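Please keep the sequence and the structure in view while reading.

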Amino acid sequence: MFNRREFLVATALAGCIAAGPAAAADPVDMQAAKAEGKVVWYTSTPIETAQKISNLFQKETGIRVELFRSGGSAILSRFQQELAAGRVMVDLLTHSDPAAAASMTKKGLFVPFKPANFDKVPDAAKDAGGNYVAQRLNMMTILVRTDKLPAADIPKSWAELTDAKYRNKLITTDPAFTSLQVSVVGMIAKNLGWDYYEKLRKNDMMVVPGNQQIADNLKRAERLIAVGNADSYAADARKEGHPIATVFPTDGLFVIPSPSHVVKGSPNPNAAKVFATFMLSDAVQRLFPTEDGNYAARADMPPPTGNPELGKIRIIPVDFDYIERETPRIKKRFAEIFS
């Protein structure tokens, strides 16, 4: 299926395990940031984690965080609409679409900024010039309700999900809402063809807006298998006692960085840089593997509890240049199939 492009993560993420050489961090002006008094953050970070980060930042700095949280595609749409109207309302932008990050960087929409610990983030998860740097790494895979499926029926690969025995059991997110799914759908369709999704449609796969809706659905056991869901939501569900397992597919899974940008012309430019620096601090980076179930952006942080190290996972490489070019068509074709 994906065998032509299957690599271990050290190859797939272009040196993800080893961070680049140490470098001096760009300076921040804390006094000016405190005078601004707040930072406006648009983010697709899971809401509980986003609120924890906001609260920690305000406690440490006294700077208030004005938080807008939604799906990655919705975040980017709001940002683009405000730009078109000639208004820059956001200071720090965090989403989950590396292809869009590269495209917007080319348009000069961000302030090049390398916060402390920038050098500890893998090269594949940041812009060399500092226009963006990953906040976290998202593992996109298959999730299952193990108590509702016989062990023999738990899927081992993406390809298996077209089997008729999974009819009425599948659920996925909408790439028009969550940008993480754009990369998943785009690469699966590129490798397996859109016929794969046509077959999932025949299996009556349900489509919901985002990862939280999938997690809630699996908890209620209305659907039993999530197709291309963020593993961190399964980790949260397991903490609550729900028997939701993560599948490490034999044909690979996707690891997608969530870029953060300091926005050019923002209302609170100094607070934006202080907040961007805080995002790569020990306090925030430890939140992802220990509480959120995600892999941290920094290579020196451990994996989530119970998860393998990245170097031991088979990864499906994402062609972000392809995703950037094809995003409108990916969303359109997906909508046509599942309308």
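Is D147 buried, partly exposed or exposed? With a relative accessibility of 43%, D147 counts as partly exposed, where buried means under 20% relative accessible area, exposed over 50%, and partly exposed in between (1.4 Å probe, protein chains only). Its salt-bridge partner is R145, with N and O 2.7 Å apart; R145 counts as buried at 6% relative accessibility.

The model is predicted, so that local features need pLDDT of at least 70 and side-chain atom pairs count only at pLDDT 80 or more, while totals for chains, interfaces and linings use all residues. Residues are numbered from 1 along each chain as its sequence is written, and side-chain values use heavy atoms, with hydrogens and water left out.

Side chains of opposite charge can pair when their charged atoms come close. A salt bridge is taken here as a side-chain nitrogen of Lys or Arg within 4 Å of a carboxyl oxygen of Asp or Glu, and by this rule there are 21 salt bridges. One of them joins E66 to R64 at 3.9 Å, N to O. E66 is partly exposed at 34% relative accessibility, and R64 is partly exposed at 40%.

Another salt bridge pairs D282 with R298, whose closest N and O atoms are 2.8 Å apart. This pair links distant parts of the chain, 16 residues apart: D282 belongs to helix α11 (residues 282-292), and R298 to the loop between β11 (295-296) and β12 (314-315). Helices (H or I, at least four residues) and strands (E, at least two) are DSSP runs, numbered from the N terminus. D282 is partly exposed, at 33% relative accessible area, whereas R298 is buried, at 3% relative accessibility. Through shared partners, salt bridges join K120, D282, R286, R298 and D300 into one network.
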